[in-house]
Amino acid sequence: MNFETPDFRPCKEWIADRVNEQRSWEEIEKLCTSEEMIQPTLDSYYDDLLWPDGLNAEIWREFVSYYRDMYQRVKIVSDDPVIAIDTGSLSNSFAVPSGKASSWEQYKRFLSNDMSDVSIGNIQKSCHWILNHLKLDTRSYGPVKGLVTGSVQSGKTANMKGLVSMAADYDWNFFIILSGSIDNLRKQTRDRFRRDLRNSEGGVFWKIIDFTAEDKRFAEEELKLNSTSGNKNFANRYVTVCLKNRSRLSKLIDWLYDDPMRTSKLRVIVIDDEADQASINTAEITDEEEQERCAINQLIVNLVNGKKSDGETPVVNLQAMNYVSYTATPYANVLNESSEESLYPKDFICTLPEANEYFGAKVIFGNDEQGCPGLGIIRDILPSDEKALKMIHKEEAYGIPNSMKKAIAWFLVASAIMRNRGYKKSISMLIHTSSIQKHHFMVYDNIRTWLKQSQEVINYCLVAYKDELNAVIKADLLVVNPKYSLIESVSEEYPAFSELHDEIISIISDVTNIMLDEDKELKYSSGLHVCVDNCKAKKEAEEGTYLRIVYPDEDQLKSIEKAPVFLIVGGNTLSRGLTIEGLVCSYFSRTVNQADTLMQMARWFGYRKGYELLQRIWMTEPVLKKYEALAKIDMDLKSEIEMFMERGISPSQFGPRIRNIPEIAKFRITAKKKSQCAEYDDWDFCGDSYETTDFDEGSVADNLKKTEDFVAAMNELYNYRKSTTANAFVWEGVDYSFIRDDMLANFAISEHSSLHDNLKYFNQWIEKMNEEGKYLKWNVAVVDGDNKETVWVIESGLSVGAVERTRKKSAADYIDIGSLRSGRDAICDVDEESLSEEQKQRFKSTRKNGKDIISKRSLFNLEDTPLLLIYRIKKDGGTPQTSNREKLNLSNDLIGISIIVSGDSIGESHARSLRIMI
């Protein structure tokens, strides 16, 4: 029997839940019941859980045996730092290559110069996992199609080179790297592969083929496609880095087939770098058999599906074709299309781990859902400064706004500190205010003018030194990343400003572009290089100068006395693929309305060895909110893939769901044309929760009075009990209409809160549910906090203490506490006395591991009972744990609320999400 049909998905989910409850496989075989009750239970699950019809005890045991084997294989993967889903079967069982003849072993040694053993181990594990999902012969199977996603600037290129090195040891012989649409980045990628791939003793010999000049035709004997297996001679392996350009792709594809003898020996791996750019089909997708595609997508589809550039079938097929797409923003790749000929990753989706040394969204912006506060390196660009920038762009004003002066001043201070410490690599600042090239030159001119006012610049540097020097400390870094492996080398010792003064003067006394010598070679000074990186910069550069950013190579750095310093103004060319070296300071006010585009612009993610505590980012509040939302999207996608992995769902069966962001107006996941086959899920708040974490100070007292009146009125109408699972008092069976009219309708919610915009959608949805007879009765819980200095007297004999929270430091005119609810409060209304013995065991496990705690409410007789949690927050309570937090310092206690709806939400999203139609 085929156990991979959708009919068996509820069965897999049931087993996964039982395993999470630590039930034994013997218990699962018996459906956690007695022998005589197996068949009656199966019959009841047909109606209650939508299990397959006709399922008997024998088939059930066979299915459990099948699932157990699959689950144990998956658990081997999940013990690695690789979170991935696949079709359920490995193509290979290769060991990790080793020995002197191993190309991987040579590359691994190369990595050890800059990476920790843990990071190298992560690369090895993920490359090994991917390798064993590729095929050496695809002539009968068809092309393998997979997707690898990792965080921005987290080392995807290192993983690509690792996969190529490892695959070369196992007889794949031709590697095609599809590299963006900008030739400078293609050359950068090509040169990195040439530099980093290592020849091995008696094994692999690398050759880089460049098809950018005349079409070089290699004869079959010139392409020595021999195997390394059992062969003492060098085996040639070939890499070509091809631009996603119609002419170059056509040339490459036709070359693959112009010699049938050579074609039959080619075992190809195509690595599509930045696969959500250019590779996606943006032509209108129809139901027609002959689908019209955009030109680049059609050529890549032809390449992967074994066709010539014109779509004709060749005389001889390639021996193997494996297509692996890499991107940090895979939304378009899983939302665009899923037809058999498309590039949809039907075989596997793999997420790369973040190394302990990596500064990602969680470290920089924090993650309230995981209790991470963020490092505290974000600084505000105020609306007045944003307005000033727009006037500068329009040539209606001159100069630069105050926040930009502060940012540049801190950059100069940080550069001086890094030079003082002996830092010898490039140091950079990024300024990104607009996508329009004309605006870049205006900002550039105004910055250079301001830098000439040396005394004012020095004054700003002194203020920046005092304000920022100890604003972020080593203890803060340990809070957000307790596993940071380089913590011992992080320095909190800083020279006096008098020691930095002369260094700053020397930097601003020589403000220049990158210079060209008589031989057109690039020259670097000890001052400040101000660059503009866009497509017009070459034309605008003065004679003898180079205006775009080009960093000195290793040999040039050795000959430079001090670390070179670069201030880069730019737009789209800085937003994807380009690594900005030594990025210690960023100024970002660009308005972007697509999640994938915005995430790619976050060049400040990455590795910050040597200046961990010096990094600062200036951005506007709307942009900050978008990045915080993006962090949740990324976390949800990884959770979705992990859930698919645990339940044995492959990407060919069900497309991963991507959280949508309706709480931020006009902010899309990806372009419409890149997600044509995606469907929006209807509004569904099942299994979701909201909480108020943003507050307006002017409404604090009013909310407190209204909440006190609501609780008093509720206490007269309904009885309460003390929770047995949390410090709270619970009122059960409260009419939703009473909660709506007496509490939610009167409670002032800050416009900065996501609940502000979503409440109207929630009300519409809950009214519809009420019409269907659902969610008519709610439970309400008032949390009893630990602070008893001021108690809330609800009635004689019933009083509760306040909880303590701190606020984020911010120049914004509202209060942001980051996180409100404690995890297990979401099940504080479970009535343990009413549970069966099986439910009690399940509840004990749920309370212990805290996983999927909201969706598990339905297991404890609360499937139709939402919960309203009310927190009274002490006006001046809480001790800040990090330097980017402070006390509330309010005149009245604060009221926070959390709304929880029982149910199971796959994407764990309180808003609509998107999923490909398969």
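Predicted model: local features only at pLDDT ≥ 70, side-chain atom pairs only at ≥ 80, totals over all residues.
**Salt bridges, sheet and cores**

R548 has a relative accessibility of 15% and therefore counts as buried, because the cut-off for that class is under 20%. What does the side chain of R548 meet in a salt bridge? The partner is D533, with 3.0 Å from N to O. This pair connects distant parts of the chain, since D533 belongs to strand β15 while R548 sits in the loop between β16 (545-546) and α21 (554-559), 15 residues away. D533 is buried too, with a relative accessible area of 3%.

Strand β15 leads on to the sheet. Seven strands form an open sheet with parallel pairing, in the order β10-β20-β18-β11-β17-β15-β12. The edges are held by β10 (378-380) and β12 (511-512); each has a single partner strand, so one side of each has no neighbour in the sheet. Within the sheet, β15 (residues 528-533) runs parallel to β17 (residues 565-570), and 6 bridges join the two. In this pairing V530 is placed opposite L567 of β17. Helix α16 (residues 437-451) packs on the sheet, where it touches β11 (427-432), β12, β15 and β17. The directions of α16 and β15 make an angle of about 165°.

The nonpolar residues come next. In soluble globular proteins, nonpolar side chains tend to be buried together. Here the largest nonpolar core holds 101 residues, and I408, W604 and Y627 have the most contacts inside it. Helix α15 (residues 402-420) supplies the largest share of this core, 12 residues. Which residues does I408 contact, apart from its neighbours within four places in sequence? They are I400, M429, I431, I447, W450, L451 and L567.

L613 is found in the loop between β19 (606-607) and β20 (616-619). With 3% relative accessibility, this leucine counts as buried. Residues up to four places away in sequence aside, L613 touches V472, I473, K474, L477, V490, S491, E492 and Y494. E468 is 145 residues from L613 in sequence, yet the two C-alpha atoms are 9.8 Å apart in space.

Side chains of opposite charge can pair when their charged atoms come close. Across the whole structure, a search finds 40 salt bridges. One of them joins D210 and R186, whose closest N and O atoms are 3.6 Å apart. D210 is in the loop between β4 (204-208) and β5 (235-242) and R186 is in helix α8, so the bridge links distant parts of the chain, 24 residues apart. R186 counts as buried at 1% relative accessibility, and D210 is buried with a relative accessible area of 14%.

D210 also meets the side chain of R190 in a salt bridge of 2.5 Å, N to O. R190 lies in helix α8 and D210 in the loop between β4 and β5, so this pair ties together parts 20 residues apart in sequence. Is R190 buried or exposed? At 15% relative accessibility, R190 counts as buried. Residues up to four places away in sequence aside, R190 touches I208, D210 and V241. R186, R190 and D210 belong, together with D191 and R194, to a network of salt bridges.

How values were computed. Residues numbered from 1 in each chain as written. Heavy atoms only, no water. Pairing = 2+ DSSP bridges. Helix = DSSP H or I, 4+ residues; strand = E, 2+ residues; numbered from the N terminus. Contact = heavy atoms within 4.5 Å. Axes fitted to C-alpha atoms, helices over the stretch in contact; angles between N-to-C directions. Core = buried A, V, L, I, M, F, W, Y, C linked by side-chain atoms within 4.5 Å. Buried < 20%, exposed > 50% of the residue type's maximum accessible area, 1.4 Å probe, protein only. Salt bridge = Lys/Arg side-chain N within 4 Å of Asp/Glu carboxyl O.
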